[in-house]
Amino acid sequence: MNLELALRMCEAAVRQAVREGALISVAVVDTGGHLVAFQRMDGARISGPVLAPGKAHTAVAHHMPTADLAPLVLPGGELHGLAGDRYVCFGGGIPLGEPGDGRGVVGAVGVSGGTVGQDVACAEAAAALWEGA
């Protein structure tokens with residue numbers, strides 16, 4: 001993960017948000033969950049600067065999309081009680097796989113501000129740049 005690519009990923013998410021009619025915040029983190037790049041669209045919700053990095057951190061920490069974690073944190077789920085602090089367990093966070101073997105995770109993107117579907121679409125647009133790099 002490097003700054004140039006992370007910024008391009010943010011821009012891709014913002015372009016998708018415009019297509020979706022959403023106002024978002026987007027964060028890209030490295031393998032340790034540390035923020036590499038962040039953008040917030042004018043007029044985006046005030047929760048985005050907390051939720052977008054949280055979704056990215058959660059996706060990299062658990063090596064899975066946050067949308068897949070959502071049912072696991074509900075009462076009775078395997079991970080009930082996980083959500084809180086830096087863990088955001090609803091759609092919009094996508095881990096970025098290590099080039100080559102596809103098993104390791106080297107970062108993640110998190111998006112917040114639209115509907116869950118819009119956040120996921122924007123995060124997928126950003127992740128597509130990673131996959132093509």
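**Exercise 1.** How many helices and how many strands are there in the protein chain?

*Solution.* Begin with the kind of model: it is predicted, so that local features need pLDDT of at least 70 and side-chain atom pairs count only at pLDDT 80 or more, whereas totals for chains, interfaces and linings use all residues. Residues are numbered from 1 along each chain as its sequence is written, and side-chain values use heavy atoms, with hydrogens and water left out. Taking helices (H or I, at least four residues) and strands (E, at least two) as DSSP runs numbered from the N terminus, the protein chain has four helices and four strands. Read from the N terminus, their order is α-β-β-α-α-β-β-α.

**Exercise 2.** Find the largest nonpolar core and the elements that supply it.

*Solution.* A nonpolar core is a set of buried Ala, Val, Leu, Ile, Met, Phe, Trp, Tyr and Cys residues joined through side-chain atoms within 4.5 Å, where buried means under 20% relative accessible area with a 1.4 Å probe, protein chains only. The largest such core has 23 residues, of which Met9, Ala13, Ile24, Val26, Val109 and Val111 touch the most other members. At least two residues each come from helix H1 (3-20), strand E1 (25-30), strand E3 (93-97), strand E4 (105-112) and helix H4 (116-132), and H1 gives the largest share, seven residues. A second, separate core of six residues includes Ala59, Val60, Val105 and Ala108.

**Exercise 3.** Which residues does Val111 touch, not counting residues up to four places away in sequence?

*Solution.* With contact meaning heavy atoms within 4.5 Å, the partners of Val111 beyond that range are Ala13, Ile24, Ser25, Val26, Ala52, Lys55, Gly91, Gly92, Asp119, Cys122 and Ala123.

Conventions. Buried < 20%, exposed > 50% of the residue type's maximum accessible area, 1.4 Å probe, protein only.
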